[in-house]
Amino acid sequence: MDDSTKVLLQRLMRRIPTQMLKATLDKWGRLTAAQRKCLDFTQSKWTLTQKLLADCEENKLTMKHITELEMIYVIENPNQGLWCTFKLMDPEDDAHCLELTQFKEQFKSHLSELIRHVSIKIKKHTDEAVWIRIAWGESFSRPNHLKPTYVVHYLQTPYVFVSGLKSKLKPLLSQALTLSTRHQAIKDANLSGRKLTAIRDLLMKQYQQVFPTKYPRPLSEKNQTVSNMHIEKEQAEAAANRHQMAGEAFGEGVLPQLQSAVYQLETKFRDPTNKTMTAREEPFKCVVKFSSTNLLESFRNCASSGIASTPVTPLLSSIPSKGRNYFVIKDNAPAPSSQMHQTHN
C-alpha cells in the first residue's frame with residue numbers, strides 16, 4: 001500500500017469505535033478467516049491498527065478497498081458531519097423511469113467530463129438510498145481521499161443530501177446530478193443538520209403527522225373527585241386544544257431529531273425610544289438560532305404545555321411543513337409587516 005492509503009486506513013481505524021470494529025470488518029470481507037480470527041479486539045487501537053495494516057499489505061489491498069471499508073462505516077453510521085439538502089427541479093418526462101444502473105453510468109460519465117481527476121464510488125443501501133463517495137482532485141493532482149464528499153439520493157425523489165462539499169465544487173456536482181437524474185435544475189432546500197436520518201424523515205414526511213380537524217378529540221375520563229366541574233372541564237378542554245394544535249404543527253409520536261433552526265432578520269428597526277436606530281434607512285440585520293437535541297420535540301412540548309401560545313406561529317410551524325430550518329425574514333414593501341420567504345443561493 002502507498003502512504004496515502006495507509007494514512008486513510010489509520011484515520012478510519014481511529015473513527016470506528018472498537019465495539020463496532022469486528023462487525024464492520026466482517027461486512028467488509030477483505031480479510032481472510034484466519035486473519036479475522038487473529039485480531040484481538042481487547043488490544044489497544046494502535047495495536048489493532050498495526051495488525052490490520054500488516055494484513056492489508058499481505059493481501060495487496062489498494063485505496064479502492066480501503067474506501068469500501070469507509071463507505072460501509074459511514075452508511076451504517078450516517079448521523080455524522082454536517083448534511084445539507086438540495087432539491088431537484090423540473091423533471092423530464094422520463095425522470096421517473098430512471099434505474100440505478102443508468103444513474104450510476106450517467107453520473108460517473110458526466111462528472112468525469114467536468115473534472116479530470118476524480119474518484120467516484122456508488123453503492124445502494126438496503127433502504128433504497130444511493131450512496132456516492134467522491135474524492136476530488138485538482139488540475140495536476142490525484143483525488144484527495146482524505147476529504148471526500150458524500151452524496152445520498154433516493155431515486156424517484158427530488159431530494160439530495162450532501163456532506164463535505166466545498167463551495168467551489170458545488171456547480172460541478174449540481175450539473176452532474178441534474179443531468180444524470182434527468183432534471184433541469186437543482187436548488188438549495190435550506191435544510192441542514194448533523195443527523196441525516198432526521199432531515200430525511202422531515203423532508204419525506206416519515207413521521208406521524210396530525211391533520212387539522214374541526215371535531216375535538218374525546219377526553220379520557222378521570223376517576224378522581226372534581227371539586228369544580230366547570231373549571232376542570234374548561235382546563236381540560238384548553239389542554240386538549242393545545243395538544244391538538246401542537247400536534248398539527250409539529251406531528252405526533254417520535255419526531256425527527258432536528259437540532260437547530262436559523263432565522264436571518266433583515267427588517268426595519270422599530271423602537272420609538274431609539275430614534276437613531278429607527279431612523280436608519282437600511283434594514284436591521286441579525287441572526288436568531290434555536291438549538292436543542294430535538295428541536296421539534298421542544299417546540300411541541302412548549303405549545304402543548306402552554307409555555308408558548310397557540311395556534312403555533314408560522315415562524316416555527318414552517319419547519320416541518322416546509323421541510324426547512326433556514327429562513328430569511330424581510331419587510332414587505334411598502335407595508336411595515338414582515339414575511340418569510342425562501343432564500344436563493
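Let me start with one residue. Lys-166 is partly exposed, with a relative accessible area of 48%. This is a predicted model, so everything I show is computed from it. Where does Lys-166 lie? Lys-166 is in the loop between β5, residues 159-163, and α7, residues 170-181. Together with Arg-11, Arg-14 and Lys-147, Lys-166 gathers in a patch of positive charge on the surface.

Now the overall picture. The protein has 345 residues, and 39% of them count as buried. How many helices and strands are there? Twelve helices and ten strands. The accessible surface is about 19,600 Å². Carbon and sulfur atoms hold 53% of that surface. On contacts, take the pairs of residues at least 6 apart in sequence. Of those contacts, 69% join residues at least 24 apart.

Next, salt bridges. The count comes to 15. I will walk through three of them.

Start with Asp-26 and Arg-36. Their closest N and O atoms are 3.3 Å apart. This pair links distant parts of the chain, ten residues apart. Asp-26 belongs to helix α2, residues 18-28. Arg-36 belongs to helix α3, residues 33-38.

Second, Arg-200 and Asp-127. Their side chains meet in a salt bridge at 3.6 Å, N to O. Here the partners are 73 residues apart in the chain. Arg-200 is in helix α8, residues 196-203. Asp-127 is in the loop between β2, residues 118-124, and β3, residues 129-136. Which side of this pair is buried? Arg-200, because its relative accessible area is 18% and the cut-off for buried is under 20%. Asp-127 is partly exposed, at 33%.

Third, Glu-266 and Lys-330. Their side chains also form a salt bridge, at 3.6 Å from N to O. Lys-330 is partly exposed, with a relative accessible area of 33%.

Which residues do shared partners join into one network? Lys-22, Asp-26 and Arg-36. They are joined by salt bridges that share partners.

You will find Arg-280 in the loop between α10, residues 275-278, and β8, residues 284-291. Arg-280 counts as partly exposed, at 31% relative accessibility. Now look across to Phe-269. How far apart are the C-alpha atoms of Arg-280 and Phe-269? They are separated by 7.8 Å, and the two residues are eleven apart along the chain.

The positive patch holds Arg-11, Arg-14, Lys-147 and Lys-166. The network joins Lys-22, Asp-26 and Arg-36.

Note on methods
Residues are numbered from 1 along each chain as its sequence is written. This is a predicted model: local features need pLDDT of at least 70, side-chain atom pairs count only at pLDDT 80 or more; totals for chains, interfaces and linings use all residues. Side-chain values use heavy atoms; hydrogens and water are left out. Patches are made of residues with over 30% relative accessible area and no salt bridge: like charges are joined within 9 Å, nonpolar side chains (Val, Leu, Ile, Met, Phe, Trp, Tyr) within 5 Å. Accessible areas come from the Shrake-Rupley method with a 1.4 Å probe; for residues, only the protein chains shown count as cover. A salt bridge is a side-chain nitrogen of Lys or Arg within 4 Å of a carboxyl oxygen of Asp or Glu. Lys and Arg count as positive and Asp and Glu as negative; His and the chain ends are not counted. The place of a charge is taken as NZ of Lys, CZ of Arg, CG of Asp or CD of Glu. Helices (H or I, at least four residues) and strands (E, at least two) are DSSP runs, numbered from the N terminus. Buried means under 20% relative accessible area, exposed over 50%, partly exposed in between (1.4 Å probe, protein chains only). Contact means heavy atoms within 4.5 Å.
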